[in-house]
Amino acid sequence: MTVRASFVLLAVALASAVNVANASMTTRYWDCCKPSSAWGGKADLVSNLDICQKDGVTLIPDSARDSGQSSCNGGEQYLCNNLQPFSDSENPSVAFAYAAFPSNNERETSCSCYEVSVTGGKVAKNIILQAVNIGGDVNQGNIDIQIPGGGVGAFPQGCQKQWGDTSGWGQQYGGVGDEGSCSKLPNPLQPGCKWRFENWGDNPIINGTPKRVRCPASLIQRSGCLRKDEMSQQPSTLKVASANQAVTAGFKRGSAAASSNPRNNAATGTTAPATGAGAGAGAGAATGSGSTGSTGSTGSTGSAGSTGSTGSTGSTGSTGSTGSTGGAGQAGGVTAPGSASGNGQAGSAPVVPGSSSNGTGAVVPPVQGGQAPSPKHHGHQGHGVKHHGHQGTGGQSAAPGKCDSGAVTQPTKNNATLKMERRDRGAWMTNYNDCCIQSGSWSGKADVYNPVKVCNKAGQQIPNTWSMKSACGSGASGDLTYTCPDMAPFTDANGQTILGFTAISGNLHSEADTECACYETTLKARGLPEDVHRWTSKNIIYQVTSVGGLDKADDIDLLTPTAGMGENMLGCPTQYPGAAWLDTKNFGGMKAQSHNQCDSLVRNNVCMKKGCYFIADLPNNPWIERRARRVACPARLLAISQCQRKDDYKFPASNFASESCNKPPVGFNKAGFKFDFKNSKCQGALTAAAQAGQCAGI
């Protein structure tokens, strides 16, 4: 029954450093998507991460950053060309780059810089990385570096939309296999591609634990992103050229104008073609000495030229004119020592079948129905498309977000309505049960009073911590953490309304907007022969507690004990070894035909038996009949999940349920109202059973 993509990623503890003591390698990707950190509100920032128009150079103003869409969602917001790696001009053993980290604590990591020592780098032995993205496909300990020609990963649509034909860009995972193939990339992206073959290598191994350092001025000059806490960090002690040293108090970035800001000196060569007439004819080509290559010299402003638009940005309208100042010519032409046009290393990434890591050369397995998972979060507002408790978006995918998927819709800022799309099929509800930590169980996903609760192997609630280990993490051992088994769907006394907890597409939605939010919609059976004895139509009120690789904006995956485990096959067998109801098909689960069959398969677990009953009565993947509407969360959903959004008071109560506990708590519509989880009488029988140890058996 279940059609789902979930990605295995262990929790990464984050404090002043990214805890990747068990790190394995630096992987690579370049998908042209808007990075996750480019959405507003990710962290306390002095200035935001730049995003660019199609030419990869012209900046999109802050006022439009959250109203537009990523190129990977069909929009016109792209990764800027200049966020490529480069090496220090005086000490080539030190490199600088931008990366996706396997974390969704973006408030801590977004635009932070980390010093990383590596083994296997051809020339570079140390690299300072600014975290600008997150990835559900970045394995624990790995760091995914933005390197042109490193593989478009799960989001080929971004670069195709920006540059057209990308057939010469190498493997989807891993990218081009030799330096000569870098010439098949657009000119502005070739320097970073060549850097890999001359300076870096093929997925160098990380030594020890990356540590946070104060960001180098050159990285911020390019990215534009500066944290408010930057001056509280210690500078790196690596010896580098002055332009690559840490920012100092009072740091001021160059002008944001495309003609003078050093961030636009992405690389030599042309940019994406202009769409208007009168493309730039100015003479502002860079010739500066640019010790790091990241700034270079842009020429003064370029010679005027009566109709010359900025050469590197292309024309912006029918006339293509930028006014009397003329165009800046090819503003990206950095030719000085240490420029981004340097150095890079050979070798394509290894292929690791079954891995979902983006840009590593790994093969991402398709989910049932042929949909490819969309793990990296690239610009999913949402921070963190981490799938079932994998600390992150994320997100974007993944998301999804990455975030970032091929989506064509995304929720509005208040997410009052989840948008529906219909293509080859309508939206539907599937089911899953992988026992992994819910994505919403990690703090920092959204503005909530508490994250979604977690449980131990016995099904009893334990504290949420950043050091908790998901049972679905590869190689996880010791004291593992699970989804609480009482988070099972139930039916209101009116018999017409289901309530439960769901995952939605982390690649098409923002966890910041949707995590722990509640929605209502209507379900309708698809009329399949096997469903003749099951109900035909019901309403549903659900709370979003996780994200996954669902391929439609309005698809929902209902957390249902004994349903299919999807791709996360580690959690439930660890929690319930030997259980007869464990799904061996991954998708669909046991699909019991009757309550009697449930009684024979689930012998000693109250929560699992309740879920089995629910599935026995449930039509196969019922259609979602109308757009989901945001509503205030019912008291029982809040009491079970223990997660309440601070904006819940803004939304109306649903009229679907009749029981008082299945309606919002008294006082819910007042700003600052905080639900009393501990003293609530709405938790229900399953919560009491789980705490009494009755949901630990098989």
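How many aromatic pairs does a search of the whole structure find? The search, carried out on a predicted model, finds six aromatic pairs.

**Aromatic contacts**

A pair of aromatic rings is described by the distance of the centres and the angle of the planes. One of the six pairs is formed by phenylalanine 101 and tyrosine 114, with 5.1 Å centre to centre and 45° between the planes, and it is tilted. Phenylalanine 101 belongs to strand β4 and tyrosine 114 to strand β5 (residues 113-119); the pair thus links distant parts of the chain, 13 residues apart. Both phenylalanine 101 and tyrosine 114 are buried.

Charged side chains also meet aromatic rings. Lysine 34 lies over the face of tryptophan 39, at 3.1 Å from the ring centre. Arginine 630 places its charged end over the ring of phenylalanine 651, 3.8 Å from the centre of that ring.

**Nonpolar cores**

The largest nonpolar core comprises 40 residues. Within this core, the residues with the most contacts are Trp30, Leu49, Phe96, Cys159, Trp169 and Leu219. Two or more residues each come from β4 (94-101), β6 (126-134), α2 (156-163), α3 (190-200) and α4 (217-223). Another core, of 29 residues, lies apart from it and includes Ala503, Cys633, Ile640 and Ala657.

**Disulfides**

The structure holds 14 disulfides. Three of them are set out below.

| Disulfide | S-S distance | S-S torsion and hand |
|---|---|---|
| Cysteine 182 and cysteine 193 | 2.0 Å | about -75°, left-handed |
| Cysteine 518 and cysteine 633 | 2.0 Å | about 105°, right-handed |
| Cysteine 607 and cysteine 695 | 2.0 Å | 70°, right-handed |

What parts of the chain does each of these pairs tie together? For the disulfide of cysteine 182 and cysteine 193, with sulfur atoms 2.0 Å apart, cysteine 182 lies in the loop between α2 and α3 and cysteine 193 in helix α3, so the pair ties together parts that are 11 residues apart in sequence. Cysteine 182 and cysteine 193 are both buried.

The disulfide of cysteine 518 and cysteine 633 has a torsion of about 105° about the S-S bond and is therefore right-handed. Because cysteine 518 lies in strand β18 (residues 518-524) and cysteine 633 in the loop between β22 (628-631) and α9 (635-641), the pair ties together parts that are 115 residues apart in sequence. Cysteine 518 is buried, as is cysteine 633; Cys633 is also among the residues of the core of 29 residues.

The link of cysteine 607 and cysteine 695 is right-handed, with 70° about the S-S bond. Cysteine 607 lies in helix α8 (residues 606-617) and cysteine 695 in the segment after α10 (685-691), so this pair ties together parts that are 88 residues apart in sequence. Burial applies to cysteine 607 and to cysteine 695.

Technical notes: Residues are numbered from 1 along each chain as its sequence is written. This is a predicted model: local features need pLDDT of at least 70, side-chain atom pairs count only at pLDDT 80 or more; totals for chains, interfaces and linings use all residues. Side-chain values use heavy atoms; hydrogens and water are left out. A nonpolar core is a set of buried Ala, Val, Leu, Ile, Met, Phe, Trp, Tyr and Cys residues joined through side-chain atoms within 4.5 Å. Buried means under 20% relative accessible area, exposed over 50%, partly exposed in between (1.4 Å probe, protein chains only). Helices (H or I, at least four residues) and strands (E, at least two) are DSSP runs, numbered from the N terminus. A disulfide is a pair of cysteine sulfur atoms within 2.5 Å. Rings of Phe, Tyr and Trp (its six-membered ring) pair if their centres lie within 6.5 Å; planes under 30 degrees apart count as stacked, over 60 as edge-to-face and the rest as tilted. A charge sits over a ring if NZ of Lys or CZ of Arg is within 6 Å of the ring centre and within 35 degrees of the ring normal.
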